[in-house]
Amino acid sequence: MNKLHIYCAICFLLIIQKGLSQNNSNNLSSSPYSLYGLGLSNEISTGKTNSLGKSGLAMPFNSSINNLNPASYGSIPLNSFLLDIGVKAEKESLSEDGKQETRFNANFSNVAIAFPISNNSGFGFTLIPFTNVGYVIQGIETGIEGSTETFLSNISGSGGLNDIKLNYGYSINEKLRFGLGASFLFGKIKEEETNFIDTEIININEDNFYNGFRLTTGFQYDLNNTLSLGGIVNLPTKLNGDQTKTVTSIGGFNLEETEIDIDTFKLPLEIGLGIHSKFNDQLFFNIDYKKSFWGATNQSDLIGDYVDQDFIGLGAEYTPRKNDLKYWKKINYRAGINFDSGNLSIDTNRINNFAFNLGLGLPIGARQNSRLNLGYSYGQKGLVSNGLIKENYHTLTLNFSLEDLWFVKRKYN
Amino acid sequence: MFAKKSMKYFILFCLLVSFGSCSNEEGESNLHIGEDFVSSNTKVYVIDTLTVEISSFQFDSLIVSNNNRLLIGSYNDPVFGKTQSKSYVQLQGLTYDIEDEATYDSIALILKYDSYFYNDTIPLQQFKVFEVLDNIIPDEDSYYNTTNFNYSSTPIATKNFTPHPKENDSLDIKVDNTFGASLFNKLKNNEINNSDEFLDEYNGLLIEANSDINTSVLGFSISSSLRVYYTIDDEVEPIEKIIDFPFNSANSFNHIFSNKIGTYFENLVNQETFLPSSESDNNTFIQAGTGIVTRIDIPHIKSLSDISGDGAVIDAKLNFTLKRVANSDNLYTRDSLQVYIIDKKSNVIGNLTSDGVSPVMSILKSATSEFEENTYEIDVKSFIELKQNETNQYYYLAIYPQDFTSSVDRYILNDNQTADDLRMKLKLTYVIYNE
């Protein structure tokens with residue numbers, strides 16, 4: 001370890017700290033849909049997959065950390081050390097019944113490290129948001145019983161769950177890799193309600209804490225030089241919750257902090273299958289399909305039920321010439337689309353999500369495979385026509401994927 | 001290690017991450033999208049069905065010590081009967097020296113109007129002044145509106161007059177010269193040289209109105225006095241001089257009473273006897289001076305706790321109106337009434353306050369001259385909160401007029417059984433904030 005490594009470590013810790021504290025102040029989402037359950041599932045991952053239609057179940061190690069399948073960790077070359085840090089910025093336009101609003105948020109999106117343990121196994125650590133909650137809804141009108149009058153409320157939510165994930169991948173042979181991942185999911189979801197009743201203002205603050213473990217297994221199998229298959233299974237789990245609630249009012253009555261256990265939140269069994277097709281050094285394709293069996297959790301939210309969710313992602317990357325002297329030829333050009341059916345059914349309507357992505361992997365540094373991955377997604381959730389909120393969003397992601405070669409003594413330094 | 005160039009990017013990146021985290025909802029005051037998908041967890045109820053029991057009672061006595069107002073007069077009222085007030089005043093000397101060459105002239109009682117009057121001032125009034133025979137001393141430190149002392153049977157002054165409390169500064173009552181000369185000579189002959197000697201001779205005066213006439217009750221300032229006029233012979237012309245005996249406010253008070261025979265109050269023998277509004281034609285009553293008060297009970301406040309969850313009363317207003325045509329320009333009412341908390345035996349616990357300090361008043365909310373409809377409102381939130389505590393369940397509200405011990409104003413209230421727009425109403429807003 002030299003000085004730079006220490007700097008790296010400090011920055012890394014800073015970002016972890018930042019990541020863990022995100023729940024207190026900064027929202028990772030501005031979507032009203034994040035008020036359901038534990039919030040919106042985070043789609044943003046490490047490395048290049050953000051611009052590949054979020055696909056990559058079958059994609060082996062490819063100069064950046066692939067957090068979608070732990071089996072990919074089995075293909076980290078010896079002497080590589082990988083670091084991946086990401087941020088995202090999102091602008092959302094919401095429409096509902098002729099109303100239109102714009103919201104913006106930006107924040108840290110992940111930090112991950114990965115390194116080989118032996119020439120056929122690798123290990124990784126990822127801190128990534130698992131769900132994001134961020135909504136502000138104002139002027140909610142509620143009737144006063146026994147009168148024709150109403151009162152107004154503002155309700156906001158923030159926070160979300162983090163995922164600290166340990167991944168281990170092992171190559172059984174040249175073609176087959178297995179992986180195991182263990183996630184510790186934890187975080188705080190804060191809901192604040194301010195009621196304006198006549199001259200009284202009542203503020204209700206609920207902090208919901210959740211935590212639990214989840215296991216992931218995965219495999220990747222290279223059929224031949226051009227085609228690989230991959231699959232994952234995320235095991236169902238339960239997240240335990242407890243809530244602290246405080247009520248304050250200008251009228252002087254308040255509820256001292258009370259702590260209660262709240263319902264556990266069930267995460268479903270998820271299976272995913274993917275194909276990675278590499279035509280030559282220039283071009284590869286990914287296709288992923290995932291299904292989350294939310295229906296089996298028998299959970300419902302205020303106005304909707306959880307139903308099985310399908311996810312399809314397609315992505316391609318093109319690199320004109322990997323080792324060219326011209327910079328633009330070394331750039332990875334990426335494109336992808338992804339679709340998911342959402343896990344919530346509101347009066348039989350689904351909140352579908354569709355997005356297309358474009359991305360660039362900009363090489364940084366002459367000798368390494370380090371890249372600055374830029375991604376742009378444009379997507380849409382929900383539809384106005386069926387009484388839902390339509391969200392159009394632009395997402396910019398920025399991932400700093402660093403690959404360092406350890407223990408390689410250079411001739412000239 | 002990472003190449004230095006990469007490192008630069010990396011550190012820049014870290015800074016970006018550290019400072020760039022933000023979330024911005026444009027126009028934070030106007031974010032309505034999603035309101036159909038979320039609802040407040042707070043429930044608000046307006047409750048106007050809580051029972052209110054209203055009655056009238058009369059305090060056994062009111063403490064009337066140290067009032068700055070003398071109330072003298074009487075008025076007849078079809079509801080309240082004949083209400084009378086008379087004043088006992090103790091005199092005090094400022095000086096007991098009179099020049100040897102002084103000559104007695106006359107004596108008068110100078111009563112300064114203090115602008116208060118109740119009922120019609122047009123009819124002729126008759127005041128009589130008597131000498132008090134007993135030493136005016138308080139009964140257990142206080143004078144009550146029921147306190148009496150013996151007085152001489154023949155008046156030392158009688159005055160027939162038409163009062164002009166607004167136009168005139170004072171009412172001057174000429175006092176019998178025998179009384180005046182006697183006082184003058186006792187001073188001149190040094191029979192009275194100090195306060196004790198003066199009080200031994202003169203216990204005080206009673207000023208009383210002829211109650212056979214339905215006139216008004218007049219208010220006079222305590223800084224009135226008995227004034228002796230005398231002259232000193234001079235070579236050119238006599239010099240006129242006076243000597244004043246001001247009223248001692250510590251030992252001056254009003255005896256206020258009413259003739260209750262034939263009225264609703266006939267059977268109110270003590271302050272633990274209540275006249276429910278249902279037994280007095282759906283009215284309750286208030287009269288200052290005599291101590292008639294309206295009591296309000298909200299007996300079933302505990303039923304609020306039947307609503308499940310943690311809740312609080314955030315607003316509670318009691319509205320009531322005065323009986324139509326019960327007021328006139330003569331028997332006027334005021335824009336605010338006082339509100340007290342009393343216990344089961346009608347002992348006063350204290351003012352109703354909103355925050356432990358500021359007293360809650362009953363405020364005139366609307367008045368329509370056309371229909372003589374006066375609506376008063378009392379913020380009873382703090383009272384409800386008080387009464388929710390089990391130990392305070394036998395607390396009640398008592399509505400008083402202003403100047404309760406130094407006026408004779410009276411009010412007739414409609415109860416909760418009268419016509420809808422006039423009846424007394426209790427409206428609570430109750431919030432459940434934790435189910």
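Q: How many Å separate the centres of domain 1 of chain B and domain 2 of chain B?
A: In this predicted model, the two centres are 44 Å apart, taken over C-alpha atoms.

Q: Where do those domains run in chain B?
A: Domain 1 covers 14-49 + 274-433, and domain 2 covers 69-259.

Q: How many residues of each are in contact?
A: 19 residues of domain 1 of chain B are in contact with 17 residues of domain 2 of chain B.

Q: And what area is buried between them?
A: About 1500 Å². Carbon and sulfur atoms give 59% of that area.

Q: Which residues of domain 1 lose the most area?
A: B:Asn330, B:Leu331 and B:Val408. Together they make up 33% of what the domain 1 side buries.

Q: How many salt bridges does the rule find across that interface?
A: There are 2. The interface also has 11 residue pairs in polar contact, both residues at pLDDT 80 or more.

Q: Which strands supply at least two residues each on the domain 1 side?
A: Strand E15 (283-287) and strand E23 (410-414) of chain B.

Q: What does B:Arg410 form a salt bridge with?
A: B:Asp77. The closest N and O atoms are 2.5 Å apart.

Q: B:Asp114 next. Which side chain does it meet in a salt bridge?
A: That of B:Arg69, at 2.8 Å, N to O. B:Asp114 is in strand E6 of chain B and B:Arg69 in strand E4 (residues 69-77), so this pair links distant parts of the chain, 45 residues apart.

Q: Is B:Arg69 buried or exposed?
A: B:Arg69 counts as buried because its relative accessibility is 14%, under the 20% cut-off. B:Asp114 is partly exposed, at 22%.

Q: Which residues are linked with them in a network of salt bridges?
A: The network takes in B:Arg69, B:Asp114, B:Arg334, B:Asp403 and B:Asp409.

Q: Switching to the largest nonpolar core. Which members touch the most others?
A: B:Leu109, B:Leu111 and B:Phe127, out of 40 residues. Strand E6 (residues 102-118) of chain B gives the most to this core, with 6 residues.

Q: What is B:Leu109 in contact with, leaving aside its neighbours within four places?
A: Its contacts include B:Val129, B:Leu171, B:Ile173, B:Leu205 and B:Phe247.

Q: What does the second, separate core include?
A: That core has 35 residues, among them B:Val52, B:Ile54, B:Ile296 and B:Leu322.

Q: Now chain A. How many helices and strands?
A: Chain A has 2 helices and 21 strands. Chain B comes to 4 helices and 24 strands.

Q: Where does A:Phe253 lie?
A: In the loop between strand E10 (237-249) and strand E11 (255-267) of chain A. A:Phe253 counts as buried, at 13% relative accessibility.

Q: What does A:Phe253 touch, not counting residues up to four places away?
A: In chain A, A:Glu200, A:Ile202, A:Val247 and A:Thr248. In chain B, B:Ala312, B:Ile314 and B:Tyr433.

Q: What does A:Glu270 form a salt bridge with?
A: A:Arg214, with the closest N and O atoms 3.4 Å apart. A:Glu270 sits in strand E12 (residues 270-278) and A:Arg214 in strand E8 (residues 200-222), 56 residues apart.

Q: Are those two buried or exposed?
A: A:Glu270 counts as buried, at 18% relative accessibility. A:Arg214 is buried too, at 6%.

Conventions. Residues numbered from 1 in each chain as written. Chains lettered and ligands numbered in written order. Predicted model: local features only at pLDDT ≥ 70, side-chain atom pairs only at ≥ 80, totals over all residues. Heavy atoms only, no water. Core = buried A, V, L, I, M, F, W, Y, C linked by side-chain atoms within 4.5 Å. Buried < 20%, exposed > 50% of the residue type's maximum accessible area, 1.4 Å probe, protein only. Contact = heavy atoms within 4.5 Å. Domains from an automatic or database assignment. Buried area = accessible area lost by both parts, 1.4 Å probe. Salt bridge = Lys/Arg side-chain N within 4 Å of Asp/Glu carboxyl O. Polar contact = N/O pair within 3.5 Å; in protein donor to acceptor, adjacent residues only side chain to side chain.
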